[in-house]
Amino acid sequence: MIVITAPTGNIGRRLLSLLVEAAPAHGQELRVVVRDPARLPESVRGRVEVVTGSHGDAATADRAFAGADAVFWLVPPDASLTPDEAYSGFTRPAVRAFAAHGVGHVVGVSALGRGTPQAGRAGLVTASLAMDDLIAGSGVAYRALANPSFFENLLEDVDSIREHGVFTDTAAADRPAPMVGVADIAAVAAGLLLDRSWTGVGSVPVLGPEDLSPDDLARIMTEQLGRPVRYERRTLDEMRSAMLRYGLNEAFVEGMVEMKRAKDEGLDSGAAHSFADRSFADRPGFGRAPRTGPGTGFAQWCAQTLKPAVLAAPEALDAR
């Protein structure tokens, strides 16, 4: 029995699609934990067991993980909470349920950064790494998928790219860093969940095939979209002010700011090279972490995902 949390999110729905097709051949049954079962695709509803509720709720976690052999764990960040509450606080009921029900293997979505000088002051990334430690201490075999920033983050700028040819972030325009598409994260998770010959705990970096700077992204988007796209850098203060205007938790906003600052200082690049080149055996609970496969290139992702979104009418995007 494999349990999938957040099965309607960007990563979870892709993972669910992969496992619905592959799990039967491996003798595996599937269970999903979802707040609103109506959001599940009709094509999978009759092929999975459904537990309704939040996987951060103790009673729901107890029902969801009873009889489970493996769990895909993803915390949906809640900007109304502090980073510790949003990650470790959300995860604690599940950790108790893992132990109570003897869950053997857990694959979790986390972040790059462990072992870097920035790891202890990287806001949401620091909170995510603490969540990994919490799960690793539960007695399960655990793999933390250590991810950089997602290509899909650029979809937040679709309207600006369409109307003005501009996307924004806080990173230096010429600083290269790894990036990844969520489909690659789902594929790595599926492989680990279906073949559970691994033991112990560790981190698995999931990286795209090349490091890219914002200027590189602008150049590739220009080529793929057939229209000029340029990058505008925002300051951290501008980002902080904009988020606070939405009424988000001040501590969570500061966690976002700290994460962005750490990434601009090389958090992801330093972690990527460290994971590939040296052992983490000296760090409690985390062993050597090999790189994953080459992954989806940014130009390919632009052609498959960004270009259709940019060319779609705004009302069509709202309808989705």
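In the predicted model, helix α8 (residues 214-225) packs against helix α12 (residues 298-311) at an angle of about 60 degrees, and their axes lie 9 Å apart. The crossing of this pair is right-handed. From α8, the contact draws on Leu 217, Ile 220, Met 221, Gln 224 and Leu 225, which meet Phe 298, Ala 299, Cys 302, Ala 303, Leu 306, Lys 307 and Val 310 of α12. By class, 10 residues of the contact between α8 and α12 are nonpolar, 1 is polar and 1 is charged.

A further helix pair is formed by α1 (residues 10-22) and α7 (residues 182-194), with an angle of about 45 degrees and axes 8 Å apart. That angle makes α1 oblique to α7. Here too the crossing is described as right-handed, α1 passing α7. On the α1 side, the residues in contact are Asn 10, Ile 11, Arg 14, Leu 15, Leu 18, Leu 19 and Ala 22. On the α7 side they are Val 182, Ala 183, Ile 185, Ala 186, Ala 187, Ala 189, Ala 190, Leu 193 and Leu 194. The contact of α1 with α7 comprises 14 nonpolar residues, 1 polar residue and 1 charged residue.

The loop between β1 (2-5) and α1 contains Ala 6. Phi of Ala 6 is near 50 degrees, a positive value in a residue other than glycine. Ala 6 has a relative accessible area of 17% and is therefore buried, the cut-off being under 20%.

The largest nonpolar core has 43 residues, and those with the most contacts inside it are Phe 65, Val 71, Trp 73, Phe 98, Val 106, Ile 135 and Tyr 142. Two or more residues of this core come from each of α3 (58-65), β4 (70-73), α4 (83-101), β5 (105-111), α5 (124-136), β6 (141-147), α9 (236-245) and α10 (250-264). Apart from this core lies another, of 35 residues, among them Leu 30, Ala 141, Leu 145 and Ala 186. Leaving aside residues up to four places away in sequence, Tyr 142 touches Val 106, Val 107, Gly 108, Met 131, Asp 132, Ile 135, Ala 136, Trp 198, Gly 200, Val 201 and Gly 202.

Over the chain as a whole, 13 helices and 11 strands are assigned. Of its 320 residues, 52% count as buried. Among contacts between residues at least 6 apart in sequence, 77% join residues at least 24 apart.

Notes
Residues numbered from 1 in each chain as written. Predicted model: local features only at pLDDT ≥ 70, side-chain atom pairs only at ≥ 80, totals over all residues. Heavy atoms only, no water. Axes fitted to C-alpha atoms, helices over the stretch in contact; angles between N-to-C directions. Helix = DSSP H or I, 4+ residues; strand = E, 2+ residues; numbered from the N terminus. Parallel < 35°, antiparallel > 145°, perpendicular 65-115°, else oblique. Left-handed = near helix turned anticlockwise from the far one by under 90°. Contact = heavy atoms within 4.5 Å. Nonpolar A, V, L, I, M, F, W, Y, C, P; charged D, E, K, R; others polar. Core = buried A, V, L, I, M, F, W, Y, C linked by side-chain atoms within 4.5 Å. Buried < 20%, exposed > 50% of the residue type's maximum accessible area, 1.4 Å probe, protein only.
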